[in-house]
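Colleague: Could you take me through the part of this protein around the ligand? I'd like one close look with the cut-offs spelled out.

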Amino acid sequence: MRIHLTNAGAITLRDPADFRRLDVLIDPQPQDRLEQAIARIGRREDEDHIRLAAPVLRFLSNQAGDPDWEAGFANMVAYATKAGWVDADGHIRAHITRNDADDVVSLAEFKAAMRGLPGGISIITTGAGESVAGMVVSSLTSISAEPPMVGFFVHQTSSMHRVLLANGRFVANILGEYHEGVMSSVLCAPQGPARFATGAWDVSPEGMPVLTDAVTSLECEILCTQTLGTHDLIVGKIRRTTCSDASPVVHYKAATHRLSQCEPAVA
Ligand SMILES: Cc1cc2nc3c(=O)[nH]c(=O)nc-3n(C[C@H](O)[C@H](O)[C@H](O)COP(=O)(O)O)c2cc1C
């Protein structure tokens with residue numbers, strides 16, 4: 001198995017059922033971010049080795065509790081103990097492998113590619129009273145039906161980020177054809193109640209703004225978050241929905257398009 005300290009913020013475990021090897025793959029990243037990531041999985045021993053906390057491996061494996069995985073893991077720890085690689089705290093010595101091959105596209109190439117991806121437009125709202133907050137996103141996506149979950153990506157520097165995480169809840173309001181004014185108010189007004197001055201806004205039982213004439217409003221409780229590069233993935237469990245028969249709009253090539261004016265591709 002191999003722990004991967006990615007430069008996107010995520011820590012993953014590759015090949016969790018390969019008990020014949022154990023190492024730590026490190027993407028190129030600033031030293032302070034790297035040391036913080038190492039502290040999440042154990043501690044640094046020297047330039048080339050990390051002492052891994054066994055419970056971290058168990059957690060990241062997603063397989064702890066499975067009898068076959070447990071037997072394999074116990075054998076690996078026993079082997080490492082015999083070789084003198086396990087200290088008194090149960091931390092296992094693992095070699096660092098540096099990932100030098102991390103070729104990615106440029107920011108311009110990324111933007112050009114993403115311009116071709118159409119997406120619905122939603123306003124995410126959170127907070128209550130004077131602390132309400134909102135933002136426009138095109139990253140809302142369906143995740144799972146059972147349990148019902150949606151997710152979206154929020155930039156860590158966005159003015160809603162802190163309120164969203166502190167509140168632990170959000171409403172995803174999917175925009176329709178007649179929401180240009182609502183959208184520009186949320187995009188242009190200062191963060192807070194001023195963003196909701198335009199539009200048919202009501203409040204959820206928790207006080208979050210709900211757009212009453214939205215295509216759909218999904219009231220969600222945050223289940224988990226994951227930092228990925230500049231953004232955080234926010235996953236919400238859907239507690240309540242309101243649907244209308246309004247026609248949605250689509251963001252494509254930096255413009256908003258009416259879906260009702262598009263020809264169906266398949267009759
Ligand atoms: C159509 C559209 C889609 C957007 N989608 C996202 C998104 O998915 N995630 C995100 O963080 N920002 C997205 N933005 C940018 C935010 O709406 C917002 O402009 C940005 O977070 C900075 O504004 P603020 O900090 O004043 O809210 C989108 C903007 C537009 C116009």
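How far does a backbone N or O atom of S159 lie from an oxygen atom of the ligand?

Modeller: The distance is 2.8 Å, from a backbone N or O atom of S159 to an oxygen atom of the ligand. Before going on: this is a predicted model, where local features need pLDDT of at least 70 and side-chain atom pairs need 80 or more, while totals for chains, interfaces and linings use all residues. Numbering runs from 1 along each chain as its sequence is written, and side-chain values use heavy atoms, with hydrogens and water left out.

Overall, the protein covers 70% of the 620 Å² of accessible area the ligand has on its own (Shrake-Rupley method, 1.4 Å probe).

The shell around the ligand holds 14 residues, with V136, S139, F153, H155 and R195 coming nearest; a residue counts if one of its heavy atoms lies within 4 Å. By type, the shell has six nonpolar residues, seven polar and one charged; Asp, Glu, Lys and Arg count as charged, Ala, Val, Leu, Ile, Met, Phe, Trp, Tyr, Cys and Pro as nonpolar, and the rest as polar.

Now for the largest pocket, which has a volume of about 1,100 Å³. Its lining has 30 residues, and F110, M114, S139, F153 and H231 are closest to its centre. A pocket here is an open set of points on a 1 Å grid over the protein atoms alone, where a 1.4 Å probe fits with protein on both sides within 12 Å along at least five of seven lines; lining residues have an atom within 4 Å of a point. The volume is the space filled by probe spheres set on those points.

β9 and β11 turn up in this lining too, along with α4 (107-114) and β17 (249-252), each supplying at least two residues. α4 gives the most, with four. The lining divides into 14 nonpolar, 11 polar and five charged residues, and draws at least three from each of domain 1 (2-98) and domain 2 (107-258). Those bounds come from an automatic or database assignment.

Most peptide bonds are trans.

Terms used
A polar contact is a pair of N or O atoms within 3.5 Å; within protein, one must be able to donate a hydrogen and the other to accept it, and residues adjacent in sequence count only if both atoms are side-chain atoms.
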